[in-house]
Amino acid sequence: MIEADMDSGVYPKRPVEIARARGATIWDSEGKEYLDMGASYGVCNVGHCNPEVVEALRAQAGELIYISSTYPTPRRRELLEKIINISPPGMARVFLANSGTEANEAALRFSMHVTGRERIVSTMRAFHGRTMASLSTTWNKKHSQGNARPGLPVDFVPYGNEEGLKETITGDTAALILEPVQGEGGVHLPPVGFLRAARDICTDRGTLLIMDEIQTGMARTGKIFAVEHSNIVPDIMTVGKSLGGGYPIAAAVLHENMGEMERGLHGSTFGGNPLGCAAGCAAIDQMIELDLAGRARTLGEHFTRRLSSVDIPAFRDVRGLGLMVAVELKGKNTPYLNGMLDRGIAPLPSGNTVIRFLPPLVVEKAQIDRTVDALTEIADGDGDRVPQRAPQAQ
Ligand code: PLP
């Protein structure tokens, strides 16, 4: 039986089985090589199987695979310190989780607990995860199929609309949750001044600002965290995806103003487990040592400049920040995604018309050039002749 016949069915399976990976390259079971221009949904910023992450996991597995977070461990202490050190000033405490949605779940719970309020404000096109509280703040109803709008009382405001925030955030709003750049929604950058305005409105109304850096964090946009582009400090910042260099670990990082959370308020059996902490420490060290923020900045500028200069009539828009880049097409993305895969390049879709690039930040300039050349070649040929078998957005 093939995997798709046994899996639950929720994942749109791609037509290749991946057996191994290194850096920005993945190989299928038959040994065919692909350039992973999506870092598997932005997870492998330090590169697939980064040798330092692999070594940290090996060493940790030989010493302590699991112990509950009620026992302090050296690796957890080290990771908490590293996360606080790379976070904006004033971030002082960390709740460790296993996935992005869990980090947001914790952030939402903490915000309601600290403010004693119940309502949340989120934005149209936002994606914050798929468990019930996070799902309530996720815009696209496709993700909550069959569950109506689940969970929390959430008001949605158009992303980038300062007036909308002023009207919607009230004395009942526990938190505003925002992506510094919307990722799953199609790589949408905020208008200049929007995040600063969001910060000020939240402060004015006694509402907490949760910045979801799950996709934008860990150097993706050319700074370690994308909030640094706007010079704002959130009350809670959530981090996930590439925090563990490919190993599952995530965090809700709390500003010192939040104080200490109450014992027993929240928890997770595997949150902060030793392997996740070891991988996280190695991934943070590698991010700094390899200057991945600098690479994302330089290579991202090169990538968007080249994409903007190819003059392909099928392109409606090219946008990005660092190595978080998107091409919005006038038509469907399927022929392009298939054509790229046939040429050994694997980008990501976003909806039906956007091609999204979140390559590992160790990607080489030549690999970016190859990607632009392949797009040009597909546009020059007849994209519609490519068979319809591309993945849908996750
Ligand atoms: N928040 C953002 C901005 C994301 O991009 C994602 C995943 O794509 C999540 C939250 C959810 O993360 P996870 O899939 O690890 O639960």
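Okay, ground rules. It's a predicted model, so local features need pLDDT of at least 70, side-chain atom pairs count only at pLDDT 80 or more, and totals for chains, interfaces and linings use all residues. Residues are numbered from 1 along each chain as its sequence is written, and side-chain values use heavy atoms, with hydrogens and water left out.

When I say H or S plus a number, I mean DSSP runs numbered from the N terminus: helices are H or I with at least four residues, strands are E with at least two. Two strands pair if DSSP finds at least two bridges between them.

Let's start with the seven-stranded sheet. It's open, with mixed pairing, and the order is S4-S10-S9-S8-S7-S5-S6. S4 (91–97) and S6 (154–157) are the edge strands with a single partner each, so one side of each has no neighbour in the sheet. On average, neighbouring strands here are turned by 20° against each other, direction ignored. For angles, axes are lines fitted to C-alpha atoms, for helices over the stretch in contact, and the angles run from 0 to 180 degrees between N-to-C directions.

Inside that sheet, S9 (residues 236–239) and S10 (residues 250–255) run antiparallel, joined by four bridges.

Now, which strands does helix H4 touch? H4 (residues 74–86) packs on the sheet against S4 and S10, and its direction makes about 130° with that of S4. Contact, by the way, means heavy atoms within 4.5 Å. H8 (residues 194–205) also packs on the sheet, touching S7 (173–178) and S8 (208–212), with its direction at about 170° to that of S7.

H4 has a helix partner as well. H4 and H9 pack at an angle of about 40°, axes 8 Å apart, and the crossing is left-handed. That label means the near helix is turned anticlockwise from the far one by less than a right angle; clockwise would be right-handed. On the H4 side the contact includes Arg75, Leu79 and Ile83, and on the H9 side Cys277, Cys281 and Ile284 are among the residues involved. By class, that contact has 10 nonpolar, one polar and five charged residues. Nonpolar here is Ala, Val, Leu, Ile, Met, Phe, Trp, Tyr, Cys and Pro; charged is Asp, Glu, Lys and Arg; the others, Gly among them, are polar.

Next, the other helix pair. The axes of H11 (residues 334–342) and H12 (residues 365–380) come within 10 Å and cross at roughly 125°. That makes H11 oblique to H12; under 35 degrees would be roughly parallel, over 145 roughly antiparallel, 65 to 115 roughly perpendicular, and the rest is oblique. This crossing is right-handed. Pro335, Tyr336, Gly339 and Met340 of H11 meet Thr371, Ala374, Leu375, Ile378 and Ala379 of H12. The class count is seven nonpolar, two polar and no charged residues.

Moving on to strand S12: how many of its six residues are buried? Six of the six in S12 (residues 324–329), so the strand is largely enclosed by the rest of the structure. Buried means under 20% relative accessible area, exposed is over 50%, and partly exposed is in between, with a 1.4 Å probe and protein chains only. Met324, Ala326 and Glu328 point one way, while Val325, Val327 and Leu329 point the other.

S12 pairs antiparallel with S11 (residues 315–321) over six bridges, with Asp317 opposite Glu328. There are two residues between the strands of that hairpin, and Gly322 takes a positive phi near 60° there. S12 also runs antiparallel to S15 (residues 354–357), through four bridges, and Val325 faces Phe357 in that pairing.

Most residues other than glycine have a negative phi. Met218 has a positive phi of about 60°, and you'll find Met218 in the loop between S8 and S9. With a relative accessible area of 3%, Met218 is buried. Asp291 has a phi near 45° and lies in the loop between H9 and H10 (292–309). Asp291 is partly exposed, at 44% relative accessibility.
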